[in-house]
Amino acid sequence: MIPIDTLWDLLSEHQNEPFYTVKKLPFSYIIKGGELFVDRRTKSITKATFQQALDRIAENPDKVIGPKSLNVFGAPYIWALLKAFEIV
């Protein structure tokens, strides 16, 4: 599994690019410190939340098959980004 700092660096490199959720909703994001701000939401998704998602995937890779199974805040966006970068 990708280390969180490596993932955060990757995410930082792709700010303002278009991405799509599973439901084909377009979004982009910016990063400020340890927070990722999606243009479709007002509340940020923290770096710690991404770590929780990575931990859940590592613990049960066969059971984490989509955003809902991540069971973390901002799962549709986290899942979309992890899919886009071929982490899941």
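Predicted model: local features only at pLDDT ≥ 70, side-chain atom pairs only at ≥ 80, totals over all residues.
The largest pocket has a volume of about 180 Å³. Its lining consists of Thr21, Val22, Lys23, Leu25, Gly66, Pro67, Lys68, Ala75, Pro76 and Tyr77. Two elements, helix 3 (67-70) and helix 4 (75-84), each give two or more residues to this lining. Helix 4 supplies the largest share, three residues. By class, six lining residues are nonpolar, two are polar and two are charged.

Helix 4 is mostly covered, with seven of its ten residues buried. The buried positions are Ala75, Tyr77, Ile78, Trp79, Ala80, Leu81 and Leu82. Glu86 follows helix 4 and has a positive phi, near 55°.

In soluble globular proteins, nonpolar side chains tend to be buried together. Here, the largest nonpolar core holds 27 residues. Leu11, Tyr29, Leu36, Phe50, Leu70 and Leu81 touch the most other members. Helix 1 (4-13), strand 3 (29-32), strand 4 (35-38), helix 2 (47-59) and helix 4 each give two or more residues to this core. The largest share, seven residues, again comes from helix 4.

Leu70 is one of the core residues that touch the most other members. Leaving aside residues up to four places away in sequence, Leu70 touches Ala53, Arg56, Ile57, Val64, Ala75, Ile78 and Trp79.

Technical notes. Residues numbered from 1 in each chain as written. Heavy atoms only, no water. 1 Å grid on protein atoms, 1.4 Å probe; cavity = no way out; pocket = protein on both sides within 12 Å on 5 of 7 lines; lining within 4 Å. Points joined across faces, edges and corners; volume = space filled by probe spheres on them. Helix = DSSP H or I, 4+ residues; strand = E, 2+ residues; numbered from the N terminus. Nonpolar A, V, L, I, M, F, W, Y, C, P; charged D, E, K, R; others polar. Buried < 20%, exposed > 50% of the residue type's maximum accessible area, 1.4 Å probe, protein only. Core = buried A, V, L, I, M, F, W, Y, C linked by side-chain atoms within 4.5 Å. Contact = heavy atoms within 4.5 Å.
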